[in-house]
Amino acid sequence: EFQNLTLRPIIKSLNEFLSVYFQNYATLKRFDIANARDLQKDKFVTIAFSKDNQFKNELKGIVIGHFTIEEYSFYKNSSKQINKRIFGIFKQRILSF
């Protein structure tokens, strides 16, 4: 319920920003995402989400910054599962850009 009522609308409203944000991230990592094949892109995205903690923390902060007080209170109690969902939704969107 939290995913559908909170996370998806927030991430959807940030879609254009998140696209530019990730393109900038890829540029900083010297990865040409625009010309990458699907397999290369998938590998780059998977590595970013599994190994780059600074990237993940920035991403979480962008999304969490849009929570209401009530949503944040709920997030505090279930942060591990919600973070997984945030990363899953975002990863899915990146791969579909």
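Visitor: Contacts at least 6 apart in sequence: what share joins residues at least 24 apart?
Guide: In this predicted model, that share is 66%.

Visitor: Which secondary structure does the protein have?
Guide: There are 6 helices and 0 strands. From the N terminus, the order reads α-α-α-α-α-α.

Visitor: What about the radius of gyration against a compact globule?
Guide: The protein has 14 Å. A compact globule with 97 residues would be near 13 Å, so the value agrees. The C-alpha atoms fill a box of roughly 40 × 25 × 20 Å along the principal axes.

Visitor: And how much is buried?
Guide: Buried residues are 41% of the 97.

Visitor: Which residues have the most contacts inside the largest nonpolar core?
Guide: Leu 7, Phe 22, Phe 49, Phe 55, Phe 67 and Phe 90. That core has 30 residues.

Visitor: Which elements give it two or more residues?
Guide: α1 (2–13), α2 (15–28), α3 (38–51), α4 (53–64) and α6 (79–96). The most come from α6, with 6 residues.

Visitor: Back to Phe 22. What does it touch beyond four places away in sequence?
Guide: Phe 22 touches Ile 33, Phe 44, Val 45, Phe 55, Phe 90 and Ile 94.

Visitor: New topic. How do the axes of α5 and α6 cross?
Guide: At roughly 105 degrees, coming within 5 Å. Angles of 65 to 115 degrees count as roughly perpendicular, and therefore α5 and α6 are roughly perpendicular to each other.

Visitor: Which residues make the contact?
Guide: From α5 (residues 69–77), Phe 74, Tyr 75, Lys 76 and Asn 77. From α6, Ser 79, Ile 82 and Asn 83.

Visitor: And by class?
Guide: The α5 contact with α6 has 3 nonpolar, 3 polar and 1 charged residues.

Notes: Residues numbered from 1 in each chain as written. Predicted model: local features only at pLDDT ≥ 70, side-chain atom pairs only at ≥ 80, totals over all residues. Heavy atoms only, no water. Core = buried A, V, L, I, M, F, W, Y, C linked by side-chain atoms within 4.5 Å. Buried < 20%, exposed > 50% of the residue type's maximum accessible area, 1.4 Å probe, protein only. Helix = DSSP H or I, 4+ residues; strand = E, 2+ residues; numbered from the N terminus. Contact = heavy atoms within 4.5 Å. Axes fitted to C-alpha atoms, helices over the stretch in contact; angles between N-to-C directions. Parallel < 35°, antiparallel > 145°, perpendicular 65-115°, else oblique. Nonpolar A, V, L, I, M, F, W, Y, C, P; charged D, E, K, R; others polar. Rg over C-alpha atoms; globule rule 2.2 N^0.38 Å.
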